[in-house]
Amino acid sequence: MSEASVAKRYPEVWRRRSPRETALGWLWTAAIALAAAWSVSALDIEWAFFADAHVQALDLVQRMWPPRWSYLPTIVRPMIETIHIATLGTAIAVVLSVPLAFLSARNTTANGLTWAIGRALLVASRSVNTVIWGLVFVAIFGPGPVAGIAAVAARSVGFLAKLMAEAIEEADRGQIEAVQATGANTAQVYLVGVLPQVMPVLIGTTIYRWDINVRESSVLGFVGAGGIGLYLYASINQFAWQQVLVVLAVILVVVLLSEAVSAYARARIT
Amino acid sequence: MSAGTYPTVWRPPAFFGSRARQRIALFCGAAYVVWSLTDLNIDVNRMLAGFPRALNMLARMIPPDFGRWALLLDGMMESLQMALAATLAGALLSVPLGLAAARNLAPMPVYVVARGFIVLGRTLHEVIIAIFCVKLFGFGPVAGLITLGFASAVFLGKMLAEDIENVRLGPVEAIRATGAGFGQMVTYSIVPQVLARTVGVLIYRLDANVRHSTVIGIVGAGGIGQTLSASFSRYDYDFSAAILLSIIALVALGEGFSDWVRRKLR
């Protein structure tokens, strides 16, 4: 080996990346910077609003303090309603998600067309946010918790069914074949051979989704779909900031509690 | 055990351990449904009246009206830009937050403050944060950008902190043993271990931000949500249908992209 090639292979100064890697890194950085510049410039930001934002924030905090705790009894029932919306919506979603999951898993669907229909339903359900579903269902059922329950269910079906469909696709072939060998029909194979295998996934994701839904339900009231959101929105529109703080505190406690319950339940199951 | 105790009919095993417990669980479930339904004061007649209204609405949604495509495109672009800018801003902010919230790197007081911030930030829904941002920064996409940026920073910070807590300590100690400072230790031992997963999470968040950006417009924070909300309040259902379809298409595209990138990364 010549001296030059030795020097090339064992350089005096250690570098982590080869020149090619460095160039690629800079290319990525440039692309990201370009994307950032494009997205920010097109939003035509009014920088004047930033100038007094901290003053506004301070003003808001001063208006919020002290919290008006006398408002608390008024919002206990709406808070319970919020939890009901989340729970009932999740329950409906579980029931609907099981057939949808079987429809959209490659190994249990009837044919290509049914699979495509299942997938399309999954995407449609998941793409539309709970609050937007709320907007749709308020137009249908009128304002109130029914629209909220329907909205939560509509959004959660896709979430639960997608994860369950993935679990079905990974289900153990051996158990399915064993049930088939007993002469079971398709429904029995699905019920006895597949469903027990995906049950842990279904239960885990259901509990997880429930605690997301409690959080989502807290804002459904903004579009008139029931729950605590209505009171939060009303308090904000009346500039009753001391009430806003109370509502926020209650939402905070309930969401944290539901998260803790959900984490505990999931830890117990697995 | 005598042969007589074997059942002649097979029954699937009970779901909650024993049959008695299963019965109790089912009873509790039924009791809850009854209680919640009576508590909610659901008006059955109004609900039933909703079904013909749903059909009517569906009829008015078809065919979707893409006639005002310029307005639609504007809103979609704004949502997309908001999502992109917010993801990048969130990524920048999440690095110090993630480092501060990693138990194995940060000193106790810093850790507690950072974790508290993450817990608080995650609890409140984006729409609630958006309302405050609208109050502080005025109507428009800036409020949306800050809302999503904040939510992304908290989410990414949490994921990053968890990844950092799970790094293997060998490389960290090896780099420390060379006399490296904190910055060098992070660059050469932590970053290589968490980079791949972090990029995956980042792409996921971009996709999530596209989805969220469609909703915060409802409280005036810019994007397609504002257009959608307006079309609903004007009973302009064929335009709403067009917007909903566009959102579904954009989100599906974003999700496909996100899945593709994350598969490549693995």
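Helices (H or I, at least four residues) and strands (E, at least two) are taken here as DSSP runs, numbered from the N terminus. The structure is a predicted model, in which local features need pLDDT of at least 70 and side-chain atom pairs count only at pLDDT 80 or more, whereas totals for chains, interfaces and linings use all residues. Residues are numbered from 1 along each chain as its sequence is written, chains are lettered from A and ligands numbered from 1 in the order in which they are written, and side-chain values use heavy atoms, with hydrogens and water left out.

Pro66(A) is located in the loop between helix H4 (53–64) and helix H5 (72–104) of chain A, and the peptide bond that leads from Trp65(A) to Pro66(A) is cis, with omega near -5°. In chain A, Phe239(A), which is not a glycine, has a positive phi near 55°, and its place is the loop between helix H11 (229–237) and helix H12 (241–269). In chain B, Tyr235(B) likewise has a positive phi, of about 55°, although it is not a glycine, and this residue belongs to the loop between helix H9 (224–233) and helix H10 (237–265). With buried meaning under 20% relative accessible area, exposed over 50%, and partly exposed in between (1.4 Å probe, protein chains only), Phe239(A) is exposed at 54%, and Tyr235(B) is exposed at 55%.

The interface between the chains was examined next. Where contact means heavy atoms within 4.5 Å, 62 residues of chain B are in contact with 68 residues of chain A. The two chains bury about 5,600 Å² between them, 75% of it on carbon and sulfur atoms; buried area is the accessible area (1.4 Å probe) that two parts lose on being put together, summed over both. Between chain B and chain A there are 8 residue pairs in polar contact, both residues being at pLDDT 80 or more. A polar contact is a pair of N or O atoms within 3.5 Å; within protein, one must be able to donate a hydrogen and the other to accept it, and residues adjacent in sequence count only if both atoms are side-chain atoms. Helix H5 (residues 126–137) of chain B supplies the largest share of the side of chain B that touches chain A, namely 8 residues. By class, this side of chain B has 43 nonpolar, 10 polar and 9 charged residues, where Ala, Val, Leu, Ile, Met, Phe, Trp, Tyr, Cys and Pro count as nonpolar, Asp, Glu, Lys and Arg as charged, and the others, Gly among them, as polar.

A salt bridge is a side-chain nitrogen of Lys or Arg within 4 Å of a carboxyl oxygen of Asp or Glu, and by this rule there are 14 salt bridges over all chains, with 4 counted between chain B and chain A. One pair that spans the two chains is Asp39(B) with Arg77(A), at 3.2 Å from N to O. Within chain A, Glu166(A) and Lys162(A) meet at 3.8 Å; because they are 4 residues apart in helix H8 (residues 145–169), about one helical turn separates them. Glu166(A) is partly exposed at 34% relative accessibility, whereas Lys162(A) is buried at 18%. Within chain B, Arg197(B) and Asp163(B) form a salt bridge of 2.8 Å, N to O. Arg197(B) lies in helix H8 and Asp163(B) in helix H6 (residues 141–165) of chain B, so the pair ties together parts that are 34 residues apart in sequence.The nonpolar interior was considered last, a nonpolar core being a set of buried Ala, Val, Leu, Ile, Met, Phe, Trp, Tyr and Cys residues joined through side-chain atoms within 4.5 Å. The largest such core has 90 residues, and those with the most contacts inside it are Phe137(A), Leu232(A) and Ile128(B). Not counting residues up to four places away in sequence, Ile128(B) touches Ser218(A), Val219(A), Phe222(A), Leu232(A), Leu248(A) and Ile251(A). Another core, of 25 residues, lies apart from the largest one and includes Val98(A), Ala161(A), Met164(A) and Ile176(A). Ser189(B), found in helix H8 (residues 182–213) of chain B, is buried with a relative accessible area of 2%, and a polar atom of its side chain lies 2.6 Å from the backbone oxygen of Met185(B).
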